[in-house]
Amino acid sequence: ERRLNEADFVFEFIRTSFDYDGKPHAVEVKVSDPVTGEEVTPKITYNGEPEIPVDAGTYQLQISVKPTGGSGSGMFVRKEQMVINPRTVTVKADDHEIMYGNKVPTDLGYKVVSGFLQGDGFTLTNAPKVQLTETVITAGEYELMPYGGNAGKNYEISYLPGVLTVGKASLTIYADTIRCIY
């Protein structure tokens, strides 16, 4: 008996790339007999496991098919990859205003603009921080930038700056009463 090979089947990969959405994603593939056109149901494993993956990552697929007719015996195995891309979480530094001469607040915060699925988020120990990117030397606008944080393997973080607006300090001048003698 001859050994099965790729010529014994037609593989049509419809979808092998997905974006993380918290749901299972199976590779979309049609396998058929090239002579009869009959569709063959493949057995698919993801990194050696039959469970359809949910988490972001690259999965090694093993697609096993058996012949439908008398074109050989045994099983043919094709190896491919499937990717579930991490979801982007966008973090923006909060805007702040101070008067020149006042200290920059130490509690510079941020907002998650988009990205996390319901129930997901940063914890106190893995949250981003925000820093002033330059030294305040005069009144004006300065960039506040979030950094760090760990959103987990299903997410990647994108950072947007905020603005620290430093207003001009007010100046009040008092004059003593001046007495003039003529």
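Is Asp55 buried, partly exposed or exposed? Asp55 is partly exposed, at a relative accessible area of 27% (buried means under 20% relative accessible area, exposed over 50%, and partly exposed in between, with a 1.4 Å probe and protein chains only). The model is predicted, so local features need pLDDT of at least 70 and side-chain atom pairs count only at pLDDT 80 or more, whereas totals for chains, interfaces and linings use all residues. Residues are numbered from 1 along each chain as its sequence is written, and side-chain values use heavy atoms, with hydrogens and water left out.

**View 1. Salt bridge between Lys153 and Asp55.** The side chains of this pair meet at 3.1 Å, N to O; a salt bridge is a side-chain nitrogen of Lys or Arg within 4 Å of a carboxyl oxygen of Asp or Glu. Lys153 belongs to the loop between strand E12 (140-147) and strand E13 (155-160), and Asp55 to the loop between strand E5 (43-46) and strand E6 (57-65), so the pair ties together parts that are 98 residues apart in sequence. Helices (H or I, at least four residues) and strands (E, at least two) are DSSP runs, numbered from the N terminus. Lys153 is exposed, with 60% relative accessibility. Four salt bridges are found in a search of the whole structure.

**View 2. Salt bridge between Lys111 and Asp94.** The N to O distance is 3.0 Å. Lys111 is in strand E10 (residues 110-114) and Asp94 in the loop between strand E8 (87-93) and strand E9 (96-99); the pair therefore ties together parts that are 17 residues apart in sequence. Lys111 is exposed at 53% relative accessibility, while Asp94 is buried at 18%.

**View 3. Salt bridge between Glu80 and Arg78.** The two side chains meet at 2.7 Å, N to O. Glu80 is partly exposed, with a relative accessible area of 24%, and Arg78 is buried, at 17% relative accessibility.

View 4. Thr45 is buried, its relative accessible area being 14%. Leaving aside residues up to four places away in sequence, Thr45 touches Pro50, Gln60, Leu61 and Gln62 (contact means heavy atoms within 4.5 Å).

**View 5. Open sheet of three strands in the order E1-E3-E4.** The pairing is antiparallel; two strands pair if DSSP finds at least two bridges between them. Strand E1 (10-15) and strand E4 (39-40) are the edge strands, each pairing on one side only. Five bridges join E1 to strand E3 (residues 28-32) in the antiparallel sense, and Val10 has Ser32 as its bridge partner in E3.
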